[in-house]
Amino acid sequence: MSCTDSDSSSHGGGDYRNFRQITRDRLLHEMLKSSSSGDSRSSWKVLIMDKVTVKVMSASCKMTDITDQGVSFLTPPSLVHIPHGPPPSFLNAGSRMAPKLAVGDALMVEDIFKRRQPMPSMDVIYFIQPIKENLIMLLSDMSGREPLYRKAFVFFSTPAPKDLISRLKSDMSVLPRIGALREMNLEYFPIESQAFITDHDRALEDMYSQLAENSRQFDASLNTISTRIATVFASMKEFPFVWYRAKGMDGSAAATFRDLVPVKLASAVWNSITMYKTTIANFPQTETCDLLIVDRSIDLIAPIIHEWTYDAMCHDLLDLEGNKYVQEVPNKSGSEIQKKEFLLEDHDPVWLEMRHLHIAEASEKLSDKMQNFVSKNKAAQLQQRDGGELSTREIQKMVQALPAYNEQMEKLSLHVEIAGKINKVIRDEALRDLGQVEQDLVFGDAGTKEVINFLRTNQDSKTEYKLRLIMIYAMVYPEKFEGDKATKLMQLAKLPPEDMKAIQNMRLLEGSNKKKKHHGAFSLKFDSQKRNNALRKDKTGEEETWQLSRFYPMLEDLLEKVGKHQLEKDEYQCMNSPSSQSASSSSTHDTSARSGTATHPNSRRSRRTATWAKPRPSVDEHSSNPAGPNTSTGLKNMGRRIFVFIIGGATRSELRVCHKLTGKLKREVILGSTSMDDPPQHISKLKLL
């Protein structure tokens with residue numbers, strides 16, 4: 001009953017498609033394009049989705065993609081039935097899937113659980129979860145003498161329970177009207193070209209809180225998350241080595257229930273994926289990629305420290321709604337202010353170029369782009385002419401250039417405005433000073449004195465920023481953040497008592513691993529205590545070209561170890577342990593696509609040499625050209641994919657290193673998580689544990 005698809009794994013030949021492209025192609029071609037009875041009197045189709053699958057579709061496709069497959073035409077009215085409630089993102093203005101309908105056309109948005117207008121001459125596509133409530137509505141639509149639609153093409157987002165299929169097949173009035181019954185195995189939510197979420201915003205609370213152990217909610221969340229992760233590999237036609245963090249399982253300390261969450265998830269994912277070997281046609285029978293499953297405890301600093309890239313600053317400092325930025329502009333008459341919504345996503349080329357750059361570099365590049373554009377664009381040149389009448393030829397040139405000019409000017413102006421707002425917040429909130437203390441703490445160059453000095457001289461700093469600084473301090477110097485010492489520091493920062501809960505619960509996520517890993521080796525002028533408490537060491541061969549670009553998430557080291565098959569055996573295990581021969585073969589296969597990344601513990605960079613606005617070298621490095629690996633030329637030479645899944649929320653810095661390492665390792669690195677969290681969201685979730 002499973003749906004087949006074209007070969008898309010990294011082991012196959014042909015054109016290499018990235019993660020989001022494969023997802024889109026499956027929805028459009030396997031599901032929508034293939035759904036036709038052939039003898040239908042109408043070529044139009046109705047698409048019915050539930051509250052989950054409509055998010056899947058919205059995350060992957062444009063409305064025009066759907067209409068191109070015959071789901072809706074300009075005449076007669078477009079028909080897309082989705083659940084009642086707030087419209088999904090593809091129905092919002094400026095969205096990826098915002099429909100463009102001519103005058104007289106209509107987009108019908110109806111609740112799947114309400115009575116709908118019969119369309120007996122039209123076929124219907126159901127893209128739904130295989131749950132009892134959806135089956136009841138399907139049977140109601142298609143049973144009886146006068147069904148709502150001619151034929152139903154049913155696509156389940158995940159494997160359907162046997163009892164549900166039996167119930168459907170036992171209804172003899174419905175069965176002859178079923179044109180297709182398939183499992184799409186596609187229930188994840190791509191948020192960009194190399195990232196997806198399972199949409200579990202409460203994963204930390206449901207799986208790590210004091211009440212989570214042995215709870216029904218824990219089991220339900222684990223089951224849904226594992227099923228959705230498994231559908232990623234069904235779509236990609238990839239069979240992974242399933243690595244997982246096995247904290248506390250080496251016998252050195254008793255494992256807590258929190259330590260075992262990645263172990264349980266890895267086991268559940270493995271069970272689902274192994275079933276695909278017999279249920280999905282052409283599914284690989286041997287391993288084709290790597291999957292690493294970890295939780296938030298691998299790096300408790302990354303979710304709270306200030307990340308200085310354009311993407312991270314947008315989501316951290318600005319009041320965005322998801323990826324939506326609202327710009328206020330005057331109307332044509334200039335008398336009123338109107339609001340325009342823009343999505344900061346892959347379809348915006350300026351966003352793609354700037355998102356992983358340091359905010360200072362992004363600001364410089366945007367300024368240069370604007371000046372260059374205005375100086376070379378004909379419409380801009382003619383508009384800026386002082387006095388004198390324009391000739392007919394000049395007016396003609398201006399009219400021809402205006403559409404492209406307006407579109408490009410709008411995009412550039414948008415990002416110039418955004419960067420300006422970010423830089424204003426940085427200045428007003430003294431964030432450069434705060435960021436310096438944060439990173440110095442993490443790298444062992446600062447201690448209690450520096451934290452106290454900042455708090456005393458920045459009494460008016462936002463409560464959230466002071467809390468984040470103290471959370472970092474508590475992780476670096478846990479022995480100094482106890483009892484009266486902790487209370488006095490909280491009082492100095494003027495933080496309310498309830499903020500202490502975020503710090504306590506952050507420590508709770510550490511679990512049983514009390515062995516501190518020291519990631520720093522520093523010159524002798526720093527005191528030994530700072531050296532011993534450092535949580536990071538500087539990377540060799542990567543100069544700190546921009547101030548405050550020193551920090552990196554621990555995921556970067558982990559992924560490089562996955563690429564080299566060098567994960568610590570006492571902390572990471574594999575469900576299907578690779579043989580030495582296969583590991584060696586895989587290593588040989590990938591070696592030509594990787595550059596050496598050996599680190600040297602005695603290497604140090606000066607923490608004060610980088611400048612806020614120092615230009616980069618002319619030759620682009622991996623980190624300065626994040627979009628490079630995603631070009632068609634670069635994708636053809638990719639090795640085996642690496643997937644990593646983080647339970648409890650991923651960060652913008654972790655997304656950044658996945659793009660960086662895709663170019664460096666020549667292996668597409670795909671980040672998955674229960675959610676994508678910015679620092680305020682993560683802190684709010686910590687308080688709920």
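A: Sorted by class, the lining of the largest cavity has five nonpolar, two polar and five charged residues, where Ala, Val, Leu, Ile, Met, Phe, Trp, Tyr, Cys and Pro count as nonpolar, Asp, Glu, Lys and Arg as charged, and the others, Gly among them, as polar. The model is a predicted one, in which local features need pLDDT of at least 70 and side-chain atom pairs pLDDT 80 or more, while totals for chains, interfaces and linings use all residues. Residues are numbered from 1 along each chain as its sequence is written, and side-chain values use heavy atoms, with hydrogens and water left out.

The volume of this largest cavity is about 90 Å³, and the structure holds five cavities of 30 Å³ or more. A cavity here is a set of points on a 1 Å grid over the protein atoms alone where a 1.4 Å probe fits but cannot get out, with lining residues having an atom within 4 Å of a point; the volume is the space filled by probe spheres set on points joined across faces, edges and corners. Among the lining residues are Ala-302, Pro-303, Ile-305, Glu-307, Asp-316, Arg-652 and Asp-677. Helix H9 (310-317) and helix H23 (652-665) each supply at least two residues of this lining, helices being DSSP runs of H or I of at least four residues and strands runs of E of at least two, numbered from the N terminus.

His-306 lies in the loop between S10 and H9 and is buried, with a relative accessible area of 2% (buried means under 20%, with a 1.4 Å probe and protein chains only). Beyond its neighbours within four places in sequence, His-306 is in contact (heavy atoms within 4.5 Å) with residues including Asp-316, Leu-431, Tyr-465 and Arg-468. Asp-316 also belongs to the cavity lining. The side chains of His-306 and Glu-438 are joined by a polar contact of 2.9 Å, that is, a pair of N or O atoms within 3.5 Å, one able to donate a hydrogen and the other to accept it, with residues adjacent in sequence counting only if both atoms are side-chain atoms.

Strand S10 (residues 289-295) has seven of its seven residues buried, so it is largely enclosed by the rest of the structure. S10 pairs in the parallel sense with S9 (residues 240-245) over five bridges, pairing needing at least two DSSP bridges, and six bridges join S10 to the parallel strand S14 (residues 642-647). Phe-241 stands opposite Asp-290, while Leu-291 has Phe-643 as its bridge partner in S14.

Notes
Buried means under 20% relative accessible area, exposed over 50%, partly exposed in between (1.4 Å probe, protein chains only). On a 1 Å grid over the protein atoms alone, a cavity is a set of points where a 1.4 Å probe fits but cannot get out, and a pocket is an open set with protein on both sides within 12 Å along at least five of seven lines; lining residues have an atom within 4 Å of a point.
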